[in-house]
Amino acid sequence: MSEETTVLGRSAPLDLRLSDSELETTRDHVLQFVRDVVSDAGADGAVLGLSGGIDSTTTAFLAAEALGEENLHGIVMPSEVNAEENMSDAERVAQMLGIEYDVIEIQPIAEEFFDVFPEAADDKQAAGNVYVRTRAVLGYFVANYENKIVLGTGNRSEALLGYFTKYGDQAVDCNPIGNLYKQQVRQLAASLGVPDDLVSKTPSAEMWAGQTDEEEMGVDYDTIDAVLALHVDGPLSKAATVRHLGVDEATVDRVVELYERSEHKRHMPPAPESLRP
Ligand SMILES: Nc1ncnc2c1ncn2[C@@H]1O[C@H](COP(=O)(O)OP(=O)(O)OC[C@H]2O[C@@H]([n+]3cccc(C(=O)O)c3)[C@H](O)[C@@H]2O)[C@@H](O)[C@H]1O
Ligand SMILES: Nc1ncnc2c1ncn2[C@@H]1O[C@H](COP(=O)(O)OP(=O)(O)OP(=O)(O)O)[C@@H](O)[C@H]1O
Ligand SMILES: [Mg+2]
C-alpha cells in the first residue's frame, strides 16, 4: 500500500518535492515577498538569527539574494546549550553570503532570568524558552536601531504543529519560508547551493543540549509533512491517510494532537467580544 520514496537521500513516505519550474516560481515568489515586506515597511533591510540550521540558512540565502548582502544583518546568539559546531556553521553561512554579522553571547542574559526566578531554572522547557525569547528581544533591538525588519525562519510544518516558542522565534515580521513543508525547505536549500552537510543536518531547536525536534515530537519530519499534506491541509480522512502512508493510527493522532493543541499560537491573543453597551 505505502510507497517509499527517496527524497534527498532520505526515505520519505510521500514525495512533496516541487518540480524544477515550481521550485523556480517558488523561489522568485519568496524573493519578491521579502522585497515587498521590506519596502512596504520603509525599512533599510532585514535582520535574522543564524543558528546553523537549515531554516535560518535557507532564509538567509533567499534574503541575501532578495535584498543584497549589504542589507542583511545576521546575529549568532550562542548559549551554553548550543553545540559549538552549530554556532560555527552559523558563522560559516554569514561568511559565505558576505553579510554583516555579530556574535552575541546570551548565556549571561539568560542567567539573569534564572537568578531572579530560580524555581524555573531547571525546567528545561521553561528555561529553553528563555533563550528563545532573549534572542527575539535582541533581534528587535537591532532592527529598531537599524530601521530593519526581523525575518522569521518558520516553515509550514512548524507553524501547523505549533513547534515554536510563542513570542519567541515566532515573534517576527514575516516568514519567507512559512508556506513550505520541511521537506521542501531542504529541497529549496539544495537548489540554492546550501552545502550538503547543512541540508541534511538533524533539525534541533537547541533549547537544551542534545535536543532534536523529531525525538521531542515523537514523529519524523517526512512523516509529519506527509500527514499534514494529506490530512491536516488535505482532504484525506484519518483512515485513508493511515492506508496511504502505511503508518499507524497513533502517528496520525499525534500529528493532529500537536496541530489542535497549538491553535492558540496561530492567532492574535483573544479578547471578549465587545458588548457595545
Ligand atoms: N489553549 C491556550 N490558549 C492560550 N494560551 C495558551 C494555551 N495553551 C498554552 N498557552 C500559553 O502558551 C504557553 C506555552 O507555549 P510556549 O511558551 O510556546 O511553550 P511550549 O509550547 O511549551 O514550548 C515551545 C515548544 O516549541 C518548540 N520550539 C521552540 C522554539 C524553537 C523551536 C525550533 O524548532 O527551533 C521549537 C520547543 O521545543 C517546545 O516543544 C503557556 O505557558 C501559556 O502561556
Ligand atoms: N543560537 C542561535 N543564534 C541565533 N539564532 C538562533 C539560534 N537558535 C535559534 N535561532 C533562530 O531561531 C530560529 C528557529 O530555530 P529552528 O531550530 O526552528 O531553525 P533552524 O535552526 O534554522 O533549522 P532546524 O529547525 O533545522 O534546526 C532559527 O532559524 C534562528 O533564526
Ligand atoms: Mg535549529
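The following questions and answers concern a predicted model of a protein.

Q: What makes the radius of gyration of the protein agree with that of a compact globule?
A: A compact globule with 277 residues would have a radius of gyration near 19 Å, and the protein has 19 Å; therefore the two agree. Along its principal axes, the C-alpha trace spans about 55 × 50 × 45 Å.

Q: Why is helix H10 called largely enclosed by the rest of the structure?
A: A residue counts as buried if 20 or more other C-beta atoms lie within 10 Å of its own. Ten of the twelve residues of H10 are buried, so the helix is largely enclosed. Among these buried residues are Tyr221, Asp222, Ile224 and His231. In the protein of 277 residues, 41% count as buried.

Q: How do you know that the end C-alpha atoms of H10 fall short of the span of a straight helix?
A: Helix H10 covers residues 221-232, and at 1.5 Å a residue a straight helix would reach 16 Å. The end C-alpha atoms of H10 are only 14 Å apart, short of that value.

Q: What makes up the shell around ligand 2?
A: The shell divides into nine nonpolar, seven polar and four charged residues. Of the 20 residues around ligand 2, Gly49, Gly53, Asp55, Ser56 and Pro203 come nearest.

Q: Which helix or strand supplies the largest share of the shell around ligand 2?
A: Helix H2 does, with three residues. Strand E3 (46-49), helix H2 (54-67) and strand E4 (72-76) each supply at least two.

Notes
Residues numbered from 1 in each chain as written. Chains lettered and ligands numbered in written order. Predicted model: local features only at pLDDT ≥ 70, side-chain atom pairs only at ≥ 80, totals over all residues. Rg over C-alpha atoms; globule rule 2.2 N^0.38 Å. Near = placed C-beta within 6 Å. Helix = DSSP H or I, 4+ residues; strand = E, 2+ residues; numbered from the N terminus. Nonpolar A, V, L, I, M, F, W, Y, C, P; charged D, E, K, R; others polar. Expected span 1.5 Å × (residues − 1).
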